[in-house]
Amino acid sequence: MMQKIQRFGGAMITPVLLFAFNGIMLALSMAFQNEDILGAIAAEGTFWRNFWGVIEQGGWVVFTQLEILFVIGLPIGLAKKAAARASLAAFTVYMIWNTFINAIMSTWDFGIDISDVEAIGVKTIGGVATLDTNLIGAILISAFVVWLHNRFYDTELPDWLGIFSGTSFVVILGFFSALPLAYLTAVIWPPIQGVIASLQDVMASSGTIGVGIYVFLEKILIPTGLHHFIYQPFEFGPAIVEGGLQRYWFENLPEIAAHTGTLRSIIPAGGFLFQNAAKLFYPVGIGAAFLATSKPEKRRTVMALIVPTALTAMLTGITEPFEFTFLFLAPQLFFVHALLSASLAMTIYSLGVAGHIGGGLIAHISGFVIPLINNHLNSILIYWGVGLVFVAIYFFIFRWAILKFDIKTPGREDDDQDVKMFSKQDYKDKKASSSAAASSGSSSGGNAAEQKAAGFLEAMGGPDNIADINNCTTRLRISVKDPDKLADDATFKSHGAHGVVRNGQAIQVIVGLDVPKVRDAFESKVNNE
């Protein structure tokens, strides 16, 4: 059951990956239309202002079409075969369901005027006015269609009904299922909206303690893959405001930037965007602790690993190499890390800082610093001041724990062992191995993703040993039939893995940001072979 939940959580990352770039473009376009920042060039009616106004509208697409993105994106991660066809079926059934809701509520009285698209609880999706079920409805309908797809896509129909087989059969089943589901939604969703509204009031008024609990839970659940269920209802869903806090932040950014009081006073729920608040700082503190405690003869290797990994983490917010290194070497340090992240969030929130800080330096500067620097420089300085203090706290706590308990972090391995995280030399060795294999007629393919996929598949015992395939942001998640057929970690690393996490039949290969390409190549090889 846990593995299925993890798979579901990992699948939700597919559409989430689209938000980072669009968020940056939104923030930049709003900043470049601000006369207080750029002066007369950004005045109303100028070509500059109009140009960036057009760019802003493009940036809004992923936020205004959030539900559709999740409906299409979930099958990519959840479908066991023909994922593109599953996405098509999910979108079709989702729009049929919304259309049925519109027709039912237009025909009978359920206490909500569905024709009033400005009313609370009503939203236009794909041109259809329907109940605003937000991500909840999108995820449930998409997951249901994926279940239909996985179960009935290969159903054999008589030859004279062949035109209705495959995706058409899945959509037919979805069509007839959507009608009772639409009626059920019309009956039960309005009261649920009332409960959600009450929950929003409770969470928004929970103050500093609530923010701390939220950030702690998001961090501590990262190893399970369930952290998506913590932050997504707040950042993209209705847990606080309809449409999610991230969308609310960008929609109201000009007013927030013009406000002269504290950020917390204008967006008191902004602390529930702090799950990434520590990402600019703890890679520095943890990386410095790894470096300071490494053996002198391994220090250059550790530095070659830590510096690029820390820079990547700070720029993009991808911090898993750090988190998973000390998670599986010393879980107690991961618990401390979750506490420190929550403490940082609580500290800056108690000092009046709130809002979408961003998951990396690029997003932070474009979406927080540039728009707010005129009226909220104090909040920016508070965030950075507290963050730098926490760099020192991370460093001293991790250094003390590593030395006290002799934890084998990178550079502290036994003399006959290599540094456990992926180093430049590992990469060179892997490239040399791949080149040699290619020159000798290897069938692993002509690009890096295919070579990695071929190597990982071989290390997992071949296609017959693969039961399930999935991925998250940086990890290839595989369920195998027989864990005893797996090669050792060194073999995976020789093919480009940063590390391997084993939990019975559930295997996680830490690949990096190119994991979607590797997953596609891996899945293709399994299906073809």
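Tutor: Let's take the labels one at a time, keeping in mind that this is a predicted model.

Student: What makes up the protein chain, in helices and strands?

Tutor: The protein chain has 25 helices and six strands. Of its 529 residues, 52% are buried.

Student: UniProt lists C472 for "active site". Where is C472 placed?

Tutor: That listing comes from an unreviewed UniProt entry. In the model, C472 sits in the loop between β3 (466–471) and β4 (475–480).

Student: Now the rings. Why is the pair of F152 and F169 called edge-to-face?

Tutor: First, the search of the whole structure finds 26 aromatic pairs. For F152 and F169, the centres are 6.3 Å apart and the planes make an angle of 80°.

Student: How do you know whether F152 and F169 are buried or partly exposed?

Tutor: Set each value against the cut-offs. F152 has a relative accessible area of 23%, which lies between 20% and 50%, so F152 is partly exposed. F169 has 17%, which is under 20%, so F169 is buried.

Student: What kind of aromatic pair do F274 and Y349 form?

Tutor: An edge-to-face pair, with 6.3 Å centre to centre and 80° between the planes. F274 lies in the loop between α15 (263–266) and α16 (282–293), while Y349 belongs to helix α19 (residues 331–350), 75 residues apart. Both F274 and Y349 are buried.

Student: On to charges. What makes K123 and E67 a salt bridge?

Tutor: The closest N and O atoms of K123 and E67 are 2.6 Å apart. A salt bridge needs a side-chain nitrogen of Lys or Arg within 4 Å of a carboxyl oxygen of Asp or Glu, so this pair qualifies. It is part of a search of the whole structure that finds eight salt bridges.

Student: Why does the pair of K123 and E67 tie together parts of the chain?

Tutor: Because K123 lies in strand β1 (residues 122–125) and E67 in helix α7 (residues 66–78), 56 residues apart in sequence. Both fall under the 20% cut-off: K123 has a relative accessible area of 13% and E67 has 1%, so K123 is buried and E67 is buried too.

Student: Where do E251 and R247 lie?

Tutor: E251 and R247 are both in helix α13 (residues 245–251), four residues apart, about one turn of the helix. Their side chains meet in a salt bridge at 3.0 Å, N to O, which is within the 4 Å cut-off.

Conventions:
Residues are numbered from 1 along each chain as its sequence is written. This is a predicted model: local features need pLDDT of at least 70, side-chain atom pairs count only at pLDDT 80 or more; totals for chains, interfaces and linings use all residues. Side-chain values use heavy atoms; hydrogens and water are left out. UniProt positions are given in the numbering used here, feature names are shortened, and annotations may be inferred rather than shown by experiment. Helices (H or I, at least four residues) and strands (E, at least two) are DSSP runs, numbered from the N terminus. Buried means under 20% relative accessible area, exposed over 50%, partly exposed in between (1.4 Å probe, protein chains only). Rings of Phe, Tyr and Trp (its six-membered ring) pair if their centres lie within 6.5 Å; planes under 30 degrees apart count as stacked, over 60 as edge-to-face and the rest as tilted.
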